[in-house]
Amino acid sequence: MNMKDDPLAGMVGVPETTNMKKRSRLNLLIALSNFSGGRDLLLRSVRSLFDDDDNDARRSVKQSLFDNDDDDDFRLEDTDGVANMILKSFRLCGGKSSFLPVYSMSPDEVMSNIGRGGVSRMFVRGVTRDLELSSVGRFFSKGSTLERATAFTKSAAAYDRNASNTSARTNACILGASEEHPVQEMEFFNIGGAKVFYYYGLDTVRSPDHVMGAGPHVRDTAIGVLMLDQYKIHERPGDPSNPLTFWPYQTFFVIPQGITFAKCKNVGSAGANSLRDYPLETNAICQALLALAEVASRRGFKRLMIVGDCGYYALSAEAFAKNLSCWGSQSWLPHPDGAFASFRTPHFRSPSLDLDIILSLGTTQLISSPEPQKNLSTQLGADTSVVYLTADTRGWYGGEALKRVEHEYEPFLDRPWVTDHWHFNLTNEISPFDIVTQVNVSLLQGVAIENGDDDLLEVVETLLEIDAGSTAYVVGLYLGHIASQLEEGGLNHFERAWFRACNLTELIKDMAQDIDGRPHSKDVIIEKVSPVFDYLKPLLEKIASLIQDEDIKDLTEEDEFQITSMLIGNPLPMGSTPPSTYNEFKLGLALRIQDTFLSLLSVAKRANIIAGLPLGNNFVGFYALFNANLNHDVLSEIKRSHAIDGRTFLLFDCRYVPGFGFNVSQGLTVWTKAHNYYWMSSIILRFSEIMQSEQWMGAAAFHLECTELFSFTPFFHEMGIPVIDGVNALIIASRSTDAPIRFVNFKQEKKNEPPTPSALVADVSEGSAFGVSYYRDHALPLRTTTQDAKIYKEMPSNLMAAQKARWCKLHLARPLFKDFKLLWGWERYIGSKPSDSIYPASSALDIPQYVKDTERTDGSPTILEGQFVQYAPEGENRSGDNFDSFFGGDLYLDKRVGRRSIAFLTKK
């Protein structure tokens, strides 16, 4: 059976006797049903189909579409009704996962759509790249003269600066936006090159209960998010890029022109000197902050609280504050009630906008200076340490310090087996460290897919996004399955994979290299790794059966080629011509499998601290000790522009935490599977145990630098750890005002009510227009805590319980605001007053708890008196070292313009 020839197999109402001419037409309709631009052609095709003399086909298709073969009930003139029914029917006809359009693509077309992040999941469903939101794309392009735009999911209207000031809502409705739910509406503004946008339509689903749960200031307080240019992650609640992270407050997003992740890291590494070292980039960021404030003021808000979507922004908060204080009539001035809302969190007043502004870009603001009097060290109790979780430790350093840090990573980044005559060029490929991480990501998933179809479909969703590292992910499934089948008394399948996968060394050696330790030759590698292909074959059949919603056996070679292409992408090196035959593809895949096995063996050998392979619990021990030694031996010695010293302030590098770091670095979705939470907690816990047992750190506080980490905060709170991130840092900052805030979880009932808008996602791959193309599609709505909760799936073992018991043995520092002991955890959040609890409820998955009732453990971590972190502003809040750092000098009244300004004092 060849599914490519018969993409309608299994479709209800289409009998086997339907001729191929009809099937071809229906296949066209399916493709057309996936985008709005084909609506007219879709209807013309339907007319042609129903005008045909083949009554059997006519009745069968009508039955499929309308469940009724009565001609009188069919009204083709009812364009909207017919189109919507056809769209709904054909989107459902592909079975559980709606991947049907992929079977109308050739393997090379499939491969070209893989590895583009979240938009890959659109493309393989038939949403073509030609149908991006062109108006929005032009709006974001460099040098655009478009002043504003309104966009629904399937239509957009953009306006030049010289256009008449007609309501954007009205013009968008003329283009067809009236056909969509009002929640889909977004608004865009171009101010000085900075692009501001927000999900306007969310206001239509903001319930009174949510507003009352948050407090009385929802309607006059807005959240601002400083974004990055050309970023594509489709993020979950908890990440600042998702507006539901700050629910029910309105969230405005701004993209500084040209500030990519790399440029943001440069600015951050310069810290308070960024205006001197990177003047163009720093001014672009300040222009974006001014634009954010202008739009918030235009929309009637009286207070704006700003957070960064990248932790590196916060390292340069001092430079931004000084610059913004000297912007003429638009200047931001220290607030008359106090220049800081919390420690090193400036509180401004914009007289021209009648707007209060709190600049809380992230937790790294608290340590952005190496001078003790200007960082959090003055706010700590005795023998207290703060651990910063970051997405990339190396990004914090430059020059000789960076070289010293990189030296610690180098043994795990190169391939000693690759010579000038190796099978293909791997120069620009991901490192063995990344490959080992990717194998570990799917290790437990290889056990989970044995138990349910949903887990397997989630594997498919994950693999659709990635190209580099996809083979390693598949190898992880295989190794997890093999380890789970080992005879091991007293351990369930998950525990066997977790604790015993490291014992598969001989199996991997046999498939990767000969008896003398030399890698197998290209001529025999397919045969040598055949156990992996044998494992894949029934898995491919099961995936095909789920997609087609029927039992499928005996896939043809072409079918295997097509499905494997969807899972793996192009196995050949970047820049190579994609394989045109399955034999070419299979050889490339076999060589990738060998490279994965050799990476596992190489990292194991060079780590020199573990017995067996760096898999499961063995990887936890290796990577935790790697970070412990990095802090104690290296970060404590090197020159720095911030407070990280490897003892009082420590860095934990999440770059190689399975399920997280690689995804962030590649712009991929970070999934909310329970396995990913378990990986994160396991490694951070083991690191903390090592550091405290060796007396290398004191009572611990945990701060999150990377914004993609923020969704882990509620999980850590349930484990008993009062983690601080950029979201609850806003809660802390609001305590000093007369309007403290409280975030609420956006929960959905059955049928996804209330609805959420389609997310704005970007394709930044080489094939996108102008370096980035923007899309919105109903297949990718904003991720919600309810939808992501369905992915979580508690792990069917006691692994989580054992981990929670170990967390309870750590010594922790208490979070304070003046004399008030800040509350954390869900139980203390319930009934708390705004800002009394630092639990970010809006970031938590919509589940009763992360650890099942049967796994809950008595006790809590030890917190001793005198070991604390004080987050309240220091002193009188209007003078001192930090005041000078952020505002540059004394206040004076500028009589020329009748307002207060900043006098920059020049030291002689």
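Author: A residue counts as buried when its relative accessible area is under 20%. The model is predicted, and by that cut-off helix α24 is mostly covered, with 10 of its 12 residues buried. Helix α24 covers residues 557-568. From its first C-alpha to its last it reaches 16 Å, close to the 16 Å expected at 1.5 Å a residue.

The buried residues of α24 are D559, E560, F561, Q562, I563, T564, S565, M566, L567 and I568. Among the elements that cover them are α5 (107-113), α18 (453-465) and α23 (530-548). The cover also includes α19 and α25. After α24 comes G569, and its phi is positive, near 80 degrees.

Two of the covering helices, α19 and α25, also pack on each other. Helix α19 holds residues 470-484 and helix α25 holds residues 582-607. Their axes come within 9 Å and cross at roughly 70 degrees. Angles of 65 to 115 degrees count as roughly perpendicular, so α19 is roughly perpendicular to α25. The crossing of α19 past α25 is right-handed.

On the α19 side, the residues in this contact are T471, A472, V475 and L479. They meet L589, R592, I593, T596, F597 and L600 in α25. Sorted by class, the contact of α19 with α25 has 7 nonpolar residues, 2 polar and 1 charged.

Methods. Residues are numbered from 1 along each chain as its sequence is written. This is a predicted model: local features need pLDDT of at least 70, side-chain atom pairs count only at pLDDT 80 or more; totals for chains, interfaces and linings use all residues. Side-chain values use heavy atoms; hydrogens and water are left out. Axes are lines fitted to C-alpha atoms, for helices over the stretch in contact, and angles run from 0 to 180 degrees between N-to-C directions. Helices (H or I, at least four residues) and strands (E, at least two) are DSSP runs, numbered from the N terminus. Angles under 35 degrees count as roughly parallel, over 145 as roughly antiparallel, 65 to 115 as roughly perpendicular and the rest as oblique. A crossing is left-handed if the near helix is turned anticlockwise from the far one by less than a right angle, and right-handed if clockwise. Contact means heavy atoms within 4.5 Å. Ala, Val, Leu, Ile, Met, Phe, Trp, Tyr, Cys and Pro count as nonpolar, Asp, Glu, Lys and Arg as charged, and the others, Gly among them, as polar. The expected span of a helix is 1.5 Å times one less than its number of residues. Buried means under 20% relative accessible area, exposed over 50%, partly exposed in between (1.4 Å probe, protein chains only).
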